[in-house]
Amino acid sequence: MRSFPGGVHPPDAKTLSGDAPIEAPPAPAQVRVPLLQHTGAACESVVKVRQQVMLGELIGRSEAPVSAPVHATVNGKVLKETVATLPNGRHVAVLPIQAEGEQLEGPAAVEEILGGEWPTDGLDAREPEAIAEAARAAGLVGLGGAAFPTHFKLRPPAGTRIDTLVVNGCECEPYLTTDQRLMEEAPAPVVAGAMLAARAVGAARVLVGIEDNKPVALAAMRAAADGTGVEIRGIPTKYPQGAEKQLILTLLGRRVPGGGLPLHVGVVVVNVGTAAALARAVLRGGALTHRVVTVTGAGIESPKNLLVPLGTRYADLIEMAGGLAPDAARVVAGGPMMGFAVGDLTTPVTKGTTGVTVLTAADLARERETACVRCGRCVDVCPMGLVPTRLALAVRAGAWDATRRYSIHACMECGCCAWECPARIPLVQLIRVGKAHRNAA
Amino acid sequence: MTPATPSSPDLEAPRLHVAPGPHLVSGGRSTRGMMVDVLVGLAPVLAAAVLVFREWALLQLALCLVSCALFETLFARLRGRGLRGRGLRGREASLTDGSALVTGAILGLSLPWSAPWYVAVVASAVAIGIGKAAYGGLGQNVFNPAMVGRAFVMVSFASVMGAASYVRPGADLSIVTQATPLTAAKEAAGAADIPGLWPMFLGVTNGSLGETSALACLLGGVWLCWRRSAAWRIPAGVFAGAAAAAAVAVLANPASPLGVPHHLLAGSLAFGAFFIATDPVTSPLSHRGQWLFGLGIGVLVITIRMLSNYPEGVVFAVLLMNAAVPLIDRATIPEPLGGIPSADREAAS
């Protein structure tokens with residue numbers, strides 16, 4: 001099958017956590033819920049210090065169009081608002097909540113959030129606006145990592161024709177298995193959510209793209225989608241197959257225009273986790289309070305896929321997965337290709353946290369940087385068709401004009417170039433510096 | 001590495017370090033590994049040279065390798081840089097990156113068997129010093145270092161580098177008693193005076209050390225492309241450009257003893273296409289640029305062969321196209337997936 005040009009094949013390391021069923025450990029004693037967990041405007045707190053809150057109760061909201069409300073993720077007492085640094089370096093306000101009383105935890109939590117029946121009959125009769133509003137009220141954002149508010153995507157601008165809803169089940173980032181386990185264990189809410197999203201945007205066709213290194217997930221999804229009209233596609237395993245533009249190219253042969261969005265080619269893309277959460281929001285009225293997080297890597301004693309309340313600290317997550325191995329050296333929010341290293345384990349899980357990967361010193365063995373000999377490997381692997389070495393060296397030289405000529409803003413920072421570079425030049429980091437400079441100018 | 005200070009009391013303070021992603025890198029390749037690839041790719045060429053020219057080949061090659069290594073050391077010292085990459089940002093690895101040996105090997109294989117020792121030494125000094133170090137070392141040079149050295153001695157020592165110097169009548173080694181195929185063709189009255197295609201393909205003809213066997217170049221070159229240590233588009237472009245130009249030359253001058261296949265097999269076209277033009281530092285980055293660069297070299301080689309006094313044109317063709325690389329790169333910036341946003345396109349124009 002045809003795939004997008006470029007890309008790399010890093011070892012996927014998914015066997016570490018791939019066989020661990022989704023489990024919900026006892027709720028942590030305290031959660032730290034950030035008031036900004038999405039792309040867009042931050043929320044304002046709507047609760048007072050020492051106020052008692054219930055799981056799913058609204059605690060933060062914003063009037064801005066591109067935003068998503070946040071909810072209490074445990075039953076308990078709100079503590080004094082404080083500040084946390086998210087893995088991307090952003091400082092955000094957080095509401096700590098002290099857990100008190102009965103909690104939704106253990107097998108009951110998995111059953112409540114992912115279990116039970118997810119009927120697909122009658123979904124076509126639902127009002128599109130009601131679906132989008134349910135997504136907004138539930139605080140739903142893209143769970144694949146980008147955390148873009150889902151309700152905004154589900155309300156395409158007037159005059160836009162969406163013909164296809166693409167559901168992203170690629171999970172191309174190495175190590176992570178949240179989407180894989182979700183599709184294996186709970187394909188029904190994914191299918192139901194996909195149909196609801198398609199209804200909301202008016203798409204006649206639903207395509208689910210799943211990399212062919214997940215045969216069990218593919219089979220489970222095919223079984224769940226049987227008779228619903230939802231099409232399940234096994235597609236080549238290649239990083240970054242799950243990047244929106246690459247996935248649309250692979251599945252539909254359409255190229256999203258530079259600087260444009262999928263809706264410009266008649267497509268809306270949602271992640272499988274988002275689809276499942278949408279089904280819950282619409283069919284059961286449940287707010288987004290929990291998510292599945294893969295805690296994995298050679299630096300973790302027993303890698304797991306954990307269904308945890310948002311705001312759970314990384315330190316607690318790591319404890320739930322048996323703790324750090326003695327040779328743990330780097331804690332990465334997300335996977336090793338696009339994830340950010342964190343130095344503070346009080347960092348909270350947010351709606352966009354797909355996993356925590358702990359790498360060891362042996363994983364990180366890096367050679368010294370050498371001169372670029374223009375071998376062109378970065379050009380060959382760049383899935384966006386850029387010339388990464390020119391961009392990076394232009395940034396180093398302060399040649400900002402050249403960064404524009406070479407379309408620096410088309411870079412999505414997937415890391416293929418830096419993965420491949422024989423000279424070990426920190427290409428992605430240099431390109432980030434260049435983008436920041438252009439944005440500041 | 002600084003110890004992290006997690007405020008969580010229930011977790012021992014681990015030593016965590018942070019760095020930009022990606023946090024894993026492919027283990028396979030390094031700059032040095034690519035240089036080693038080139039040396040391995042040159043092995044069949046070297047074997048052919050030794051078979052044809054015996055000890056002359058070994059001597060010339062050893063002289064160039066040793067000279068290049070010594071001059072690399074000397075110039076690294078002069079620039080105040082270490083030899084094992086301990087300099088600024090760790091980017092100044094010099095002798096250990098293997099590039100001096102690649103320059104030495106290519107230079108040696110591009111010299112005539114008969115060139116006196118000082119030719120090899122001067123060519124090495126110019127290749128490393130002027131061709132590379134003067135630009136700021138590996139990765140910064142505009143021209144292929146080996147070709148800079150080769151061109152320098154070709155012009156400076158014309159008497160010992162010219163077509164006549166390849167021929168030594170009465171020598172024990174019968175091959176070196178004959179003119180090189182291209183020189184023979186310049187002076188030939190008819191096709192009978194030049195070697196057949198089969199000997200030219202195998203390499204049992206007179207010439208510079210590495211150039212005679214198209215077969216050996218093909219073996220090593222295809223391997224190099226397969227390893228992706230050379231961009232296949234460049235040799236493909238060279239052969240295509242040379243074939244097209246040679247066809248024109250043959251049509252323009254039907255009396256010429258050289259047909260298109262002769263042009264492709266003769267001289268150092270194959271050696272140049274696979275091992276000289278493919279030097280990544282001095283060739284374009286974009287795929288379209290690589291095609292243009294290769295085609296340009298191919299056309300220039302035939303043009304020089306047909307229209308100048310030199311029987312062969314690879315050295316100057318490569319140097320000329322090297323000079324055009326910044327222009328080619330600028331003209332062939334690839335369009336990103338999905339194209340350039342119209343706002344940016346307007347701003348750029």
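Student: Which residues of α5(B) are buried?

Tutor: In this predicted model, the buried residues of α5(B) are Val119(B), Ala120(B), Ala123(B), Ser124(B), Ala125(B), Val126(B), Ala127(B), Ile128(B) and Gly129(B). What covers them includes α3 (55-78), α4 (99-110), α6 (145-156) and α7 (158-161) of chain B.

Student: How do you know that the span of α5 of chain B is close to the one expected?

Tutor: Helix α5 comprises residues 117-129 of chain B, 13 residues in total, and its first and last C-alpha atoms are 18 Å apart, which is close to the 18 Å expected at 1.5 Å a residue.

Student: What makes α13 of chain B a mostly covered helix?

Tutor: A residue is called buried when its relative accessible area is under 20%, and in α13 (residues 269-276) of chain B this holds for 8 of 8 residues. Among them are Leu269(B), Phe271(B), Phe274(B), Phe275(B) and Ile276(B). For chain B as a whole, buried residues make up 54% of the 349 residues.

Student: What makes the salt bridge of Glu420(A) and Arg228(B) one that joins two chains?

Tutor: The side chains of Glu420(A) and Arg228(B) meet at 3.3 Å, N to O. Glu420(A) lies in helix α15 of chain A, whereas Arg228(B) lies in the loop between α10 (214-226) and α11 (233-252) of chain B, and therefore the pair joins two chains. Glu420(A) is buried, with a relative accessible area of 11%, while Arg228(B), with 39%, is partly exposed.

Student: Which other salt bridge involves Asp329(B)?

Tutor: Asp329(B) meets the side chain of Arg374(A) in a salt bridge, at 2.8 Å from N to O. Across the interface of chain A and chain B, the rule finds 3 salt bridges.

Student: How many residues of the two chains are in contact, and what area is buried between chain A and chain B?

Tutor: There are 68 residues of chain A in contact with 57 residues of chain B, and the area buried between the two chains is about 5,500 Å², of which carbon and sulfur atoms give 57%. Val373(A), Arg374(A) and Arg377(A) supply 14% of the area that chain A buries against chain B, more than any other three residues.

Student: What makes β12 and β13 of chain A edge strands?

Tutor: The open sheet of 4 strands has the order β12-β11-β10-β13 in chain A, with parallel pairing, and β12 (231-235) and β13 (267-271) are its edge strands, since each pairs on one side only.

Student: How do you know that β11 and β12 of chain A pair?

Tutor: Pairing requires at least two bridges, and β11 (residues 205-211) of chain A joins β12(A) in the parallel sense over 5 bridges, so the two strands pair. In β12(A), Ile235(A) is the bridge partner of Glu211(A).

Conventions: Residues numbered from 1 in each chain as written. Chains lettered and ligands numbered in written order. Predicted model: local features only at pLDDT ≥ 70, side-chain atom pairs only at ≥ 80, totals over all residues. Heavy atoms only, no water. Expected span 1.5 Å × (residues − 1). Buried < 20%, exposed > 50% of the residue type's maximum accessible area, 1.4 Å probe, protein only. Contact = heavy atoms within 4.5 Å. Buried area = accessible area lost by both parts, 1.4 Å probe. Salt bridge = Lys/Arg side-chain N within 4 Å of Asp/Glu carboxyl O.
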